[in-house]
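The sequence and model are shown first.

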Amino acid sequence: MFGNKKDSTEDNTLLEQVGTIIGPGAVIDGPLTTKDSTRIDGTIKGNVTVSGALIIGQEGKVVGTISALNVYVAGEVNGNITTSQGKIEISDTGKVIGDITCKGIIIDENAVFQGKCEMTGIDKNSAEVAKERAVADKESSDAAASSEEEAK
């Protein structure tokens, strides 16, 4: 209110990014479905379905199945997580007890993950991907070398 205009603009941008916030101390006993990106700092006892990203804060806890575009866990999840085309990140304070289905995953040191992980969208094995990268790197270095020769 009394701050400068730049600060209020930054606050509005943050609010637009996270459309739904479940505050600390709040307890929802039942499913939660939102179209916006959501941050949970309270407790949800039920399935969570989010069309955008889901952030579970350090005080946040979900007991149920989660489906979202991307999931960041700093709190606790007891249930399966599905982000078929997105990624899941479990921070060093995060705890996930359940199976994960995702395209990409990041697990920080000291994070807890007990379950199985199924990666989606994997059409090629790592050797094929490495070979393609090597060919692309060689082509780009060859192109750079020929450009240098032309410049001389």
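Is Cys102 buried or exposed? Cys102 is buried, at a relative accessible area of 0%; buried means under 20% relative accessible area, exposed over 50%, and partly exposed in between, with a 1.4 Å probe and protein chains only.

## Basis

This is a predicted model, in which local features need pLDDT of at least 70 and side-chain atom pairs count only at pLDDT 80 or more, while totals for chains, interfaces and linings use all residues. Residues are numbered from 1 along each chain as its sequence is written, and side-chain values use heavy atoms, with hydrogens and water left out.

## Cysteines

The structure holds zero disulfides, a disulfide being a pair of cysteine sulfur atoms within 2.5 Å. For Cys102, the closest cysteine sulfur is that of Cys117, at 4.1 Å, which is too far for a bond. Cys117 is partly exposed, with a relative accessible area of 34%.

## Nonpolar core

A nonpolar core is a set of buried Ala, Val, Leu, Ile, Met, Phe, Trp, Tyr and Cys residues joined through side-chain atoms within 4.5 Å. The largest one has 21 residues, and Ile40, Val48, Leu54, Ile66, Val71 and Ile81 have the most contacts inside it. At least two residues of this core come from each of strands S6 (48-50), S7 (53-56), S10 (70-73), S12 (81-90) and S14 (100-107); strands are DSSP runs (E, at least two residues), numbered from the N terminus. S12 gives the largest share, three residues.

Beyond its neighbours within four places in sequence, Ile40 is in contact (heavy atoms within 4.5 Å) with residues including Ile22, Leu32, Val48 and Leu54.

## Thr20

Thr20 lies in strand S1 (residues 20-22) and is buried, with a relative accessible area of 18%. Leaving aside neighbours within four places in sequence, Thr20 contacts Thr34, Asp36, Ser37, Thr38 and Arg39.

Note on methods: Helices (H or I, at least four residues) and strands (E, at least two) are DSSP runs, numbered from the N terminus.
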